[in-house]
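Me: I've got a structure to look at, and I'd like to learn how to read a helix. Can you walk me through it?

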Amino acid sequence: MGELLELTVAQAARKIAAGEIAAQEYLEAWREAAAGDELNAYLWRAEDGAGGTEGSLAGIPVAVKDIFCMEGVPTTAGSRILEGYEPPYTSTAVRRLGEAGARVLGKTNMDEFAMGSSNENSAFGPVLNPWDRGRVPGGSSGGSAAAVAGGLAPCAIGTDTGGSIRQPAALCGIVGLKPTYGAVSRYGMIAFASSLDQCGPLTRDVTDAALLLAALQGRDPCDSTSVGIEGGVEAPSREDLEGMRFAVPAELARDAIDVGVREVFEATLETIERLGGEIAEAPLPHAEHGISAYYVIAPAEASSNLARYDGVRYGMRSESAGDLIEMYETTRAEGFGAEVKRRIMLGAYALSSGYYEAYYGRAQRVRTKIAEDFSAAFADFDFVVTPTSPSVAFGLGEKTDDPLAMYLNDFFTVPMSLAGIPAISIPAGLAEPVGGGPRLPVGFQVAAPAFGEQKLLDAAHALELAIGFEAEPGDADG
Amino acid sequence: MIERKQVLHVARLARLRLSDEEVEKVAGELSGILAHVDRIGELDLDGVEPTSHVVELENVLRADEPRPSWPKDVVLELAPDPADGAFRAPSPQAEA
């Protein structure tokens, strides 16, 4: 059975299609593995159901972030306010995976309403990092990342609004891809910030990410902002980077990056050059204002999206009586956690009369400047590269008292989200955390122009092959 | 620095009841976050168009064909307090 779990999704799918492995046996092996979850990665696990037999993902089990609605399956988005909610419909992303033959293994833990970078904002307890259980897995798709890294799922899907796929993938030593905004339908994906939210895969390698994205992407009449990826997505095979140009942001704040992460980043740049890629600096002067713009725009959209949780149509209602307004106020006070309240307050403040133009209006203009910076860079370069996160996984509780310090984790991932472009994080090596301790995974982020997923996956594949990252949680420090 | 009065005003707009302790805490936290955000106040953004959506789309329309809606019982089953085929909520007027 152990050998079954060692296979990548692409390998397993091939063996299942060739009849070398029974889909049911493979599914059962993963169910058993998932049942041994000691990381609090799952909030719900499927007990029964047969493995699929037809399609590109026939027989493949997938862990699904608990933000995706599934008919008749508890869907909480990590929040008390949705405890017990069983949606009457299934999200397009999950439906598409099912149509490709995949089966849902379980729903994974997450920061409440996808707001967080450590998974400590879940109403159902934090997820532990499989590399070091005293550390966070990142967030908000922390359960999905920990499940894949911890051998509790062969692959997973998550959502990324400002880095919520890429950052946990980096902190857990796996691959995480945020597709172009509009590549994958958002229908049935519980909304956080609608102009930024995007679904994507968390996988063991780049080939698996391509396989999942190929099934997920596409236009959906139920999401008018979905357009799909023209020409689809194919398995990457590229092994060199000849003729490809990689931009490092000229303003890259190297001082803000932990020394171990910086070393892995510089070593990866050398690997790119060895593969024939060219590296040069490109100005991205507004990227450093990404956090400021993001932490106005995303909370503003969230304050509006979360207005629907009013204790009337679904979800919980406060027991304490009172008039209608009191019922709204107490339901939301009891149902939302501290970070969600903070963001609602921040967003409502930024949108309130007298502050709208100074905050929301300006943030939207900064967003334009950031997108223009990327467009200018892509006139000369194929990709922009940065570390995914300024540090390796940090300790549980280390940043919970300082919201701004927590937000700065997203420094390198937020600009791509604001520009709507695709970006992937691949494990590039291990680094010692500041203050010492066993070495932990470091992610390398590659971003491409809108809908350039195929080229991005091809380059990431070549780089992944050359890096040869094979460390796993539980290895002796090596 | 954001004052207590502003926090209470915004909390009311957002229909959030905050404890006294939360009001103090949120006032400090929002002030800290907005001090960081205020740096975008220094940028020259004259004449820059705001971005609300990154993918250029014309109006997206679908054929206006009638489809069945959700059955009423399926939807009402999700409600905390359904009654007489409707969502029941407390009266907007406090009872004595």
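Me: How many residues does helix α8 of chain A have, and how far does the helix reach?

Reply: Helices here are DSSP runs of H or I with at least four residues, numbered from the N terminus. α8(A), residues 259-274, has 16 residues and reaches 23 Å from its first C-alpha to its last, close to the expected 22 Å. That expected span is 1.5 Å times one less than the number of residues. Bear in mind that this is a predicted model, where local features need pLDDT of at least 70, side-chain atom pairs count only at pLDDT 80 or more, and totals for chains, interfaces and linings use all residues. Residues are numbered from 1 along each chain as its sequence is written, while chains are lettered from A and ligands numbered from 1 in the order in which they are written.

Me: Which residues of α8(A) are buried?

Reply: An α-helix has 3.6 residues a turn, so residues three or four places apart point the same way. Buried means 20 or more other C-beta atoms (placed from the backbone) within 10 Å of the residue's own; exposed means 12 or fewer, and partly exposed is in between. In α8(A), Val261(A), Val264(A), Phe265(A), Thr268(A) and Ile272(A) are buried. They cover an arc of only 100° around the axis, so they sit on the same side of α8(A).

Me: Which exposed residues are on the face turned away from that side?

Reply: Val259(A), Glu266(A), Glu270(A), Glu273(A) and Arg274(A).

Me: What comes just after α8(A)?

Reply: Gly276(A), with a positive phi of about 100°.

Key. Helix = DSSP H or I, 4+ residues; strand = E, 2+ residues; numbered from the N terminus. Arc of directions from axis to C-beta.
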